[in-house]
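Keep the sequence and the model in view while reading.

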Amino acid sequence: MKKSLFVLLAILAVLSFPAFAQGGGEAASPKIGFMGPMSGDYANYGVLSNNSAMLAVEQFNAKGGFGGKLPVVLVTEDSEGRVEKGLSSIEKLSSSDKIVGLIGPVLTGTSFAVGERVQNEGIVMISPSATHADITNIGDYVFRTVVSDGLQGEVAGHYFFDKLGYRTIGVLYAKNDYSQGLYEGMSAAFKAAGGQVTIAEAFNVGDKDFKTQLTRIRSANPQAIYIPNYTAEMAQILEQASQLGMKIPFLSCDGFSNPDIYKLAGEFTDGVIYVGPAKVKESPAFNTFVSQYTAKYGVGPDSFATNAYDGTNILLAAMDKVYKASGKFDRKAVRDAVAATKDYPGVSGTINFAENGDLVAYQGLYKVNKTTPEYLGTFTVVDGKLVQID
């Protein structure tokens, strides 16, 4: 009798537990995913951004979660910076974890592959750092809280020509979507302004020795060298250029915004001018975020981590809006709520998405003095002309 009663109660419990279906449904603990390199050469980017997602989720749950009763669960997947691992991770996140939305991926190459999958699955994706201009062309489920390479490349090319006065530039880039996309965007804008890329040298991902390429670039005698790469690679390039006695100025991209560059390259970073996120006027929200992040993790956030914090909060706000209206977490409804985001007060500034999912934003220019970046100003390009924003 006791055994029969136990079985009956167990069956009733299973039947009464709310199910979470592919297209939506109520869940005791709705899940969101984070994907980025948590190990390997690019782990500094993934770890810092994942910290932000964890902080945003922790703060959201501390306020009661959805409807004051449902916490959200963050599931982190290590892409290892590899497309194959990213695809297996999104398979798990979609099919097993049944996430409502995804923060990431962090790297551009992985984002292309994963973006195709989330578009097919109907899972909204918000990348804090995938900058290639074509990422958001994948479909209407793909968003980003980082500026597109399209704008970054335009601003870079015109700034190098108009403000720095360079007429010839050499380029050293990695054979990956991120680096090549930035190189192509900068090159097109620089040439349109009247400049010339006299030499472009490439290297394979994972290479550690760049002296052959640097020697070739030096022989071409450009006025400056553009290195649109990730932190570990740029640190090695700068150090090896110094070992070769090269005095040519270096230019770079938003990958230089990661503070690890100063740990890895130290004094070799002096004088580098790079394009990065536009500087945000210090606000109570931004200062609070930096303070809380630093206190919790023992290190400050980089620009991508800041983007990840805003992206996570935008996703949570969209889920909360949908839950209040329907009592469910329908994936399409959440995607629509993300797309409808308007004037969101992020810690990185006011956030709006363009119709294609791109962040509406400007670009900042920085110059490193020893190991301290100095802000040179905020810029955009309008009708093919560089415009400085007050």
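This predicted model holds an open sheet of eight strands, in the order 7-6-8-9-10-13-14-15, and the pairing is mixed. The edge strands are strand 7 and strand 15 (385–389), each of which pairs on one side only. On average, neighbouring strands of the sheet are turned by 30 degrees against each other, direction ignored.

**Strand 6 and its burial**

- Strand 6 covers residues 168–174, and seven of its seven residues are buried.
- In a regular strand, side chains alternate between the two faces of the sheet.
- In strand 6, Thr-168, Gly-170, Leu-172 and Ala-174 point one way.
- Ile-169, Val-171 and Tyr-173 point the other way, and the residues of both groups are buried.

**Partners of strand 6**

- Strand 6 runs parallel to strand 7 (residues 196–203), and seven bridges join the two.
- Thr-168 has Gln-196 of strand 7 as its bridge partner.
- Ile-169 is partnered by Val-197 in strand 7.
- Ala-174 is partnered by Phe-203, also in strand 7.
- Strand 6 also pairs with strand 8 (residues 224–226), in the parallel sense and over three bridges.
- In this pairing, Gly-170 stands opposite Ile-225 of strand 8.
- Together with helix 6 (residues 177–193), strand 6 and strand 7 make a right-handed β-α-β unit.

**Helix 7**

- Which residues of helix 7 (residues 211–220) are buried? They are Gln-213, Leu-214 and Ile-217.
- Seen down the axis of helix 7, these buried residues fall within an arc of 100 degrees, so they line one face of the helix.
- The buried residues of helix 7 pack against strand 6, strand 7, strand 8, helix 8 (231–243) and strand 9 (250–252).

- Helix 5 (residues 149–162) lies across strand 6, strand 8, strand 9, strand 10 (273–277), strand 13 (363–369), strand 14 (372–382) and strand 15.
- Helix 5 runs at about 105 degrees to strand 14.
- Helix 8 lies across strand 6, strand 7 and strand 9.
- The angle between helix 8 and strand 9 is about 175 degrees.

**Nonpolar cores**

- How many residues does the largest nonpolar core have? It has 64 residues.
- The residues with the most contacts inside this core are Phe-66, Phe-160, Ile-169, Tyr-226, Leu-315, Met-319 and Val-338.
- Helix 11 (residues 303–326) gives the largest share of this core, eight residues.
- Leaving aside neighbours within four places in sequence, Met-319 is in contact with Pro-30, Ile-32, Phe-66, Val-72, Val-100, Phe-329 and Val-334.
- Another core lies apart from the largest one and has 25 residues, among them Ile-199, Ile-225, Ile-237 and Leu-238.

Methods
Residues numbered from 1 in each chain as written. Predicted model: local features only at pLDDT ≥ 70, side-chain atom pairs only at ≥ 80, totals over all residues. Heavy atoms only, no water. Buried < 20%, exposed > 50% of the residue type's maximum accessible area, 1.4 Å probe, protein only. Helix = DSSP H or I, 4+ residues; strand = E, 2+ residues; numbered from the N terminus. Pairing = 2+ DSSP bridges. Right-handed = clockwise from strand over helix to strand, strands pointing away. Arc of directions from axis to C-beta. Contact = heavy atoms within 4.5 Å. Axes fitted to C-alpha atoms, helices over the stretch in contact; angles between N-to-C directions. Core = buried A, V, L, I, M, F, W, Y, C linked by side-chain atoms within 4.5 Å.
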